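Colleague: I am new to this one. Please show me how to read its features, step by step.

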Amino acid sequence: MSILVGETTTFIVQGITGREAVNLTKECLEYGAGAKVVGGVTPGRKGRDVHGVPVFDSVAQAVENHGGPIDGSVVTVPPAFTKDAVFEAIENGVKLVVIVTERIPRADVAAMVELAGMHDARIIGPNCLGIIVPDKIKMGGIGGPAKDAAKAYSAGPVGVMSRSGGMTTEISSTLTAAGLGQSTAVSIGGDAIIGSSYAELMPLFANDGQTEAIVIYTEPGGRMEAQLSEWVQQNDSRIPIVAFMAGRFMDEMPGMSFGHAGTIVEGKADTAAEKIKRLQDAGITVAEEISEIPDLVKEKIGVAA
């Protein structure tokens with residue numbers, strides 16, 4: 001099994017004629033069983049195609065051409081137009097929106113997340129690389145070209161969530177090299193406001209029979225680790241979690257921002273040390289180094305190291 005997407009998931013790419021979107025579409029089509037990219041949207045470009053995928057002026061046209069609801073959309077349009085694109089997708093029945101775009105105004109992100117909630121839809125991102133179910137489907141640029149994604153990701157029992165897109169692949173590759181495949185890997189996005197946090201995705205992994213353990217990559221700044229710790233304690237989670245906390249040096253540099261927009265330490269609760277303590281108090285194992293993660297996971301699920 002998997003969460004969020006599977007080999008039958010259909011999706012569109014909004015902004016499909018942009019250079020990065022053209023490459024992203026090719027990567028998705030070539031990976032695994034071959035993603036079911038049923039259309040692309042770029043206003044004014046109807047009638048064209050991108051790697052055989054028909055292009056439409058609107059999401060409504062793509063849905064009409066498909067002949068029924070479309071499961072998801074990968075949004076690659078510029079920041080100024082992202083909110084309109086996401087609204088259009090959700091209002092036309094799309095239930096899963098992966099937003100690759102960076103530097104979207106926070107007010108726009110908040111409005112998109114609110115609309116998604118009203119329509120029983122889910123947003124992954126923004127500023128993320130998407131979702132991958134090893135050997136089956138990838139939705140977004142996660143893992144890069146198909147041949148590279150096939151080396152880094154393998155099917156197995158470990159769910160992966162990361163605020164960093166690149167580290168989603170790095171951790172999965174480390175697990176794969178140790179003989180531990182992944183059920184689903186999700187790049188959740190590094191911005192201060194995102195559509196789906198660790199805690200919000202945990203129930204999906206908890207209900208997935210394939211997933212036996214979770215690995216998360218996290219950073220100082222924000223409240224997601226506190227929310228995850230609270231969820232684990234309140235729900236007596238069956239799934240063991242191993243975490244890696246990057247940026248421990250930031251504890252000596254309060255008020256500074258590094259990398260992701262969400263990596264802003266505003267007070268003691270945002271520091272790496274405080275987050276590690278919260279995670280450990282909830283029974284979550286925190287690795288000192290990424291190389292330690294596979295053995296810690298194997299210990300948790302009873303696999304010989």
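Colleague: What volume does the largest pocket have?

Modeller: First, the ground rules. This is a predicted model, where local features need pLDDT of at least 70, side-chain atom pairs count only at pLDDT 80 or more, and totals for chains, interfaces and linings use all residues. Residues are numbered from 1 along each chain as its sequence is written, and side-chain values use heavy atoms, leaving out hydrogens and water.

Modeller: Now the general idea. Rolling a probe the size of a water molecule over the atoms shows where empty space is left. On a 1 Å grid over the protein atoms alone, a pocket is an open set of points where a 1.4 Å probe fits, with protein on both sides within 12 Å along at least five of seven lines. Its volume is the space filled by probe spheres set on the points, which are joined across faces, edges and corners. Here the largest pocket has about 640 Å³.

Colleague: Which residues are the closest to the centre of the largest pocket?

Modeller: Lining residues have an atom within 4 Å of a point. There are 31, and Glu20, Thr76, Val77, Val100 and Thr101 are the closest to the centre. Helix α1 (19–30) gives the largest share of the lining, six residues. Helices and strands are DSSP runs numbered from the N terminus (helices H or I, at least four residues; strands E, at least two).

Colleague: In what order do the strands of the open sheet lie?

Modeller: Strands of a sheet pair through backbone hydrogen bonds, either parallel or antiparallel. Two strands count as paired if DSSP finds at least two bridges between them. This open sheet has seven strands, ordered β9-β8-β11-β10-β12-β13-β14, with mixed pairing. Its edge strands are β9 (137–139) and β14 (285–287). Inside it, β10 (155–162) and β12 (213–218) pair in the parallel sense over five bridges. Valine 160 stands opposite valine 215 in β12.

Colleague: At what angle do the axes of α3 and α4 cross?

Modeller: Axes are lines fitted to C-alpha atoms, for helices over the stretch in contact, and angles run from 0 to 180 degrees between N-to-C directions. Helices α3 (79–91) and α4 (106–118) cross at roughly 5°, their axes coming within 10 Å. They are therefore roughly parallel to each other (angles under 35 degrees). Contact means heavy atoms within 4.5 Å. Among the residues making it are Val86 and Phe87 of α3 and Met112 and Leu115 of α4.

Colleague: How close do the axes of α8 and α9 come?

Modeller: The axes of α8 (224–235) and α9 (272–281) come within 9 Å and cross at roughly 10°. That makes α8 roughly parallel to α9.

Technical notes:
Angles under 35 degrees count as roughly parallel, over 145 as roughly antiparallel, 65 to 115 as roughly perpendicular and the rest as oblique.
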